[in-house]
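Welcome, and thank you for joining this tour. Please open your viewer, keep the selection tool handy, and follow along one stop at a time.

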Amino acid sequence: MSHAKLYTWIYVVLFVGATVQVGVEYAGLLEPGTYWPAVGAILVLSLVKAVIVAAYYQHLRWEQRSLSYLMGMGLLAALALTIAASYSIT
Amino acid sequence: MPEDTSDDERDAQPGSVADASVGAPDPDPDPDTDSDTDPRADGGTVAGQDLPVSEVEEEEDDHGHGLPDTSSLKRWLVTTNHKDVGILYTVTAMFFLLFGGVLALLMRLQLWTPRAPGAGPLSAAAYNQAVSLHGLLMVFWFLSPFAFGFANYIVPLQIGAKDLAFPRLNALSYWFYLASGILVGVSFFQSGAFPGGWTMYAPLNIPTYTPGVGATTSVLGLMLFTASVTIGGVNFITTMHRMRAEGLTMRRLPLFSWSILLTVWMMLFAFAALLAALIILSADRILGTTYFAAQSAGGSLLWAHLFWFFGHPEVYIVFFPALGAMAEIFQTFTGRRIVGRKWFIGAMLLVAIQSFVVWMHHMFLTSINLQIKTLFMATTIGISLPFDLMVFALIYTMIKGRIRFTTPFLYAFGALFLFIIGGITGVFLGAVVLDYEFRGTYWVVAHFHYVMVGGVTALIGALYYWFPKMTGKMYDEFLGKVSFVLYFIGFNLLYFPMFVAWETPRRVFSYDAAFAPWHKLATIGAFILGFSFLLTVYTIGKAIFVGEEADDNPWAYSTTAEWAVPSPPPLENFPGIPSYGDGKLSFRPESAADGGEAATDGGNAAADGGEVAPTAHDGHDDDHVSHASIWPFVTGVAAFFAFFGLSGIVDGELIGGIWGMVHLGSLVFGGALGLGAMVAMGLEEFHGPTGPFGESWPFSKTSNLKTGMWVFLASDVVLFGAFIGSYVFIRVAFPGGWAAWEPIPHRSLPGLINTYLLLTSSFSVVLALVAAERNSTKGVVASMLVTLLLGIGFLINKGIEWFELFHEGIWLSTNIRASTFFLTTGLHAAHVIVGLIIATYMIVRASRGAYLDDDGPLEFFGLYWHFVDIVWLFLFPLFYIL
């Protein structure tokens, strides 16, 4: 498909993804009992959307691999800090 | 042919550049065989004969590029040439050395004997400021900038580049650095500089305990410094990866360049975390947020984690250039390549990576749990291992070489000795149980001064080493040696007693009287050390004015490319395009034909109207890099005024009286000037270095501009990551735990609408690129206009939401949930605003036909805008839903 068409489909997917996240909340899944799985689902959705924006809108899918690794390094640093720090006070 | 027992030894021809081919000449030199015994592996050199350029029409070059002579002030205000910027950094750093040094001498005078508050030359308040600013100034405003003076000057020469990838940004880095340092100086006069230690621990760092506008100015100065470093990091990373000469693969990069490369990579990620900490601290001080006032671990431990995640890589950022300089100096003055060269590089790489996973060893006495302390003790021991390798490599290089004890070598060797002592004493600190005793005592102070000032020692050696190259003059060797002897004696007299009197607590001036003799020795040592610096300044200064002319290469056995060009080098560095394709350095002629279109570093190459300037029209100027622009200087001035103005806001309100007005005026003036300067910089016709370049791994298919943009975004990822991480951390530490934290927004709908708006605006930016490909000005303008409108819609929607919250009495300072909500989404909104300002500029330019032939700027804007969108994709669920 042409680029414009691909981008339009991506847009629709992202739109739906955002709506689904709120849908998880409205479905009452963020109550005790299903809270953490729901959190997981919502965050995974965010991650998927972010990867789609990065891969298609930011073109990373067609760029040199090194750029993806570069962003991965930043993400890894932020995650390491967050996880280690949070663990340190448990 | 005499048997060559060591094929790493270099032939000696006094006064000339050593021949790269040693032993039996290789009939078929293959630059790709990079065995450990390859003598060319350090970048090679010009083969045997005369240097290719001894006379250069430097005058002509300068005038041809609008650059005034070095004797005029204007030259230094407008220059973007890396060599000039390097000199600016080096000289300015020495001023800060003096500043920080005077503070140290004042401290040592106060410490001459144990005193009660009020006694001695310094009051308690003054002493606290001296302690804190001595640390801040030395670590930030002296050490790294001093190293980067050399990095700026030498690295492009070593890698075969004409300049850095973004020359104006390089100048901007410098002017931000100077402005930030002046801000710190101003803070002393504002009610006192920050008195809470260089580590600025929470909650001491909040206005409740360190009130005073001056303290805020110190913090803001550091923030501006962080901006300078980030820009510099992007510049150096892009340059060093993309712009190496042909044949100069990463493995063959000289060791000093390697050390700088790793330094800037560490800087990129570490300083982003510091920036997050400083923004949050500034918000606590200026806007009244309550991050660091939190009684839970979320307060003081949040700062500790953010600061030390930065702080540990920082100490290696400070040390690595010194290490690289040591390696260069050792190689030159032992007459051989370093033993275990590729292992040395591997060790540096390992340290750079490992430096990010040891930070909690600065927190062993906080309330973090035992499991994580144990883990970080292990990683800390782990990081000492690559250092061992590097130390042994340097020692073996001395053993296997033939040493010449010149001034640079004396300093470099001294540095190694001091670093070994400092390093070993650091290992003790890495053991949790021992740290329980040592933490907060002079053992720590002695340890880090041995390692850090050990680094300074190497950098002074670098000063003597590269001084002839940078000035074309030679210093008095006898004076140099005397300065070293005084330095070494002073250093050890100052710092060794601190190990003996280690039980003295840090940062205070009352201590057990039994330690007084040791402290007196230390004070005497401090003055001797200080005097030795003055002697160095005198030696260097005298040489500049009346020194002998130096050879282009005064050091036998040096093999890196900076020695193959005149001293000082001509403006464009080389007499052609450097290449190592034949196994040694040679210069290919620059052909006018393949100049192509001069790329700009964000400036506007095409005249308004969208016509590309024909390549041949200006004769030789087109292929040449521009060297002058006033806008970095103006932006630096603007930044000073803007940040100064900000310091006058306390808890969300301007301070009263005339000073409040002064601060407000300063802020408005700085903001407006800065905006104007950056627009002017965008419109200016400025030509950065153009490709194609020899070696560009791993960004060979990505332009300089695109690489720079992505590198910048990687740092922005860490910035937002640290902000989001801070929110997560505080929420985990929240009384009642994660689930007890009620989101501030009552409903998710406004956030969802904002998500839709941003997603759509990302889509429209993509469509703008499509329109550009289809050569449709109307399409580009329309799409960008849609983006702008949607972005404004985002801000309006957010404004309405915030207004409703204010009406309910919920503001930044209400509680920690509100603070994190407003500041994090506010930082995001600030990114949106910046994007919209850029978008407005681009709409205006697009309506005049720009971006059709070169849609690069559209693409780069898109990268930034999509990044802003991605951040929101995480902020929305985290702050609205969960």
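Start by selecting chain A: of its 90 residues, 29% are buried. Bear in mind as you look around that this is a predicted model.

**Stop 1: the whole of chain A**

Colour chain A by secondary structure and you will find three helices and zero strands. Read from the N terminus, its elements run α-α-α. The radius of gyration of this chain is 17 Å, well over the 12 Å that the globule rule gives for 90 residues, so chain A is more spread out than a compact globule.

**Stop 2: helix H1 of chain A**

Now select residues 3-26 of chain A, which form helix H1. Its end C-alpha atoms are 35 Å apart, which agrees with the 34 Å that 24 residues should span at 1.5 Å a residue.

Which residues of H1(A) are buried? Show the side chains of A:Ile10, A:Tyr11, A:Leu14, A:Ala18, A:Gln21 and A:Val22 to see them. An α-helix has 3.6 residues a turn, so residues three or four places apart point the same way. The cover over the buried residues of H1(A) includes helix H2 (35-57) of chain A, along with helix H19 (749-773) and helix H22 (856-881) of chain B. Step past the end of H1(A) to A:Gly28, where phi is positive, near 80°.

**Stop 3: where the two chains meet**

Select the contact between the chains: 41 residues come from chain A and 46 residues from chain B. On the chain A side, H1, H2 and helix H3 (65-88) each supply at least two residues. Which helix gives the most to this side? Highlight H3(A), which contributes 16 residues. Colour the chain A side by residue type and it divides into 27 nonpolar, 11 polar and three charged residues.

**Stop 4**

Move over to chain B, which has 22 helices and six strands. Of its 882 residues, 56% count as buried. Look also at how the chain folds back on itself: among contacts between residues at least 6 apart in sequence, 83% join residues at least 24 apart.

Next, find the largest nonpolar core, with 299 residues; B:Ala273, B:Ala276, B:Ala277 and B:Met326 touch the most other members. Helix H7 (residues 255-287) of chain B gives the largest share of this core, 26 residues. Centre the view on B:Ala276 and pick out what it touches beyond four places away in sequence: B:Leu306, B:Leu719, B:Ala722, B:Phe723 and B:Ser726.

**Stop 5: two domains of chain B**

The contact between them takes 10 residues from domain 1 and seven residues from domain 2. You have already visited H7(B); here it supplies the largest share of the domain 1 side, four residues. That side divides into six nonpolar, four polar and no charged residues.

**Last stop: helix H21 of chain B**

Finish by selecting residues 816-847 of chain B, which make up helix H21. This helix of 32 residues reaches 46 Å from its first C-alpha to its last, close to the 46 Å expected at 1.5 Å a residue. Just after H21(B), click on B:Gly849, which takes a positive phi of about 95°.

Conventions: Residues are numbered from 1 along each chain as its sequence is written. Chains are lettered from A and ligands numbered from 1 in the order in which they are written. This is a predicted model: local features need pLDDT of at least 70, side-chain atom pairs count only at pLDDT 80 or more; totals for chains, interfaces and linings use all residues. A residue is buried if 20 or more other C-beta atoms lie within 10 Å of its own, exposed if 12 or fewer, and partly exposed in between; C-beta atoms are placed from the backbone. A nonpolar core is a set of buried Ala, Val, Leu, Ile, Met, Phe, Trp, Tyr and Cys residues joined through C-beta atoms within 7 Å. Ala, Val, Leu, Ile, Met, Phe, Trp, Tyr, Cys and Pro count as nonpolar, Asp, Glu, Lys and Arg as charged, and the others, Gly among them, as polar. The expected span of a helix is 1.5 Å times one less than its number of residues. The radius of gyration is taken over C-alpha atoms; the globule rule is 2.2 Å times the number of residues to the power 0.38.
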